[in-house]
Amino acid sequence: MANQTNKELIVRIISPLGIVYEHHAIACSVRAIDGGMTLLANHTPIMAALEISPVQVRRTHDDIVDFIAINGGVMQMSHNVCEIITSFAIRARDIDEARVELDKQEAEAEMRAAITNKDSQAFKRAKIALERAINMISISKNK
């Protein structure tokens, strides 16, 4: 997908499954580990580590905002291309809300069990699973 004007950027999100999302955009908002940022066309080249968080993309031609849940990753912005590499990404329209709600409940139960068993590693894993589920639940409201 070639960049057509210097007033837009291309947002591309890549997971191990391939390209999950690619669109021309006016803006892309992400949450880096040191805070949120919105990238516009002609942004200075930047690289940042991302948190488990939503990515918001305001598309160019139809002014629609797309929401994509990511499980953290790395974002690189250069030459009006914003690429996000992540272990997992899903668009709001593709989220199975009932399944994610079950995942949230399972993670909460695993956290309680980890506390009871004084298992800090299991607690950390369950906490990450809970953060992922909460992220997808919040994203799914933007279908």
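Predicted model: local features only at pLDDT ≥ 70, side-chain atom pairs only at ≥ 80, totals over all residues.

Arg12 is buried, with a relative accessible area of 15%, where buried means under 20% relative accessible area, exposed means over 50%, and partly exposed lies in between, using a 1.4 Å probe and protein chains only. Residues are numbered from 1 along each chain as its sequence is written, and side-chain values use heavy atoms, with hydrogens and water left out.

Which side chain does Arg12 meet in a salt bridge? The partner is Glu83, at 2.6 Å from N to O, a salt bridge being a side-chain nitrogen of Lys or Arg within 4 Å of a carboxyl oxygen of Asp or Glu. Because Glu83 lies in strand 6 (residues 81–85) and Arg12 in strand 1 (residues 9–15), the pair ties together parts that are 71 residues apart in sequence; strands here are DSSP runs of E, at least two residues, numbered from the N terminus. Glu83 itself is partly exposed, at 27%.

The structure holds 9 salt bridges, and a network of them links Arg59, Asp62, Asp66 and Arg91. Within that group, Asp62 pairs with Arg59 at 2.4 Å between the closest N and O atoms; Asp62 is partly exposed at 39%, whereas Arg59 is buried at 13%. Asp66 and Arg91, both buried, form a salt bridge at 3.5 Å.

Key:
Helix = DSSP H or I, 4+ residues; strand = E, 2+ residues; numbered from the N terminus.
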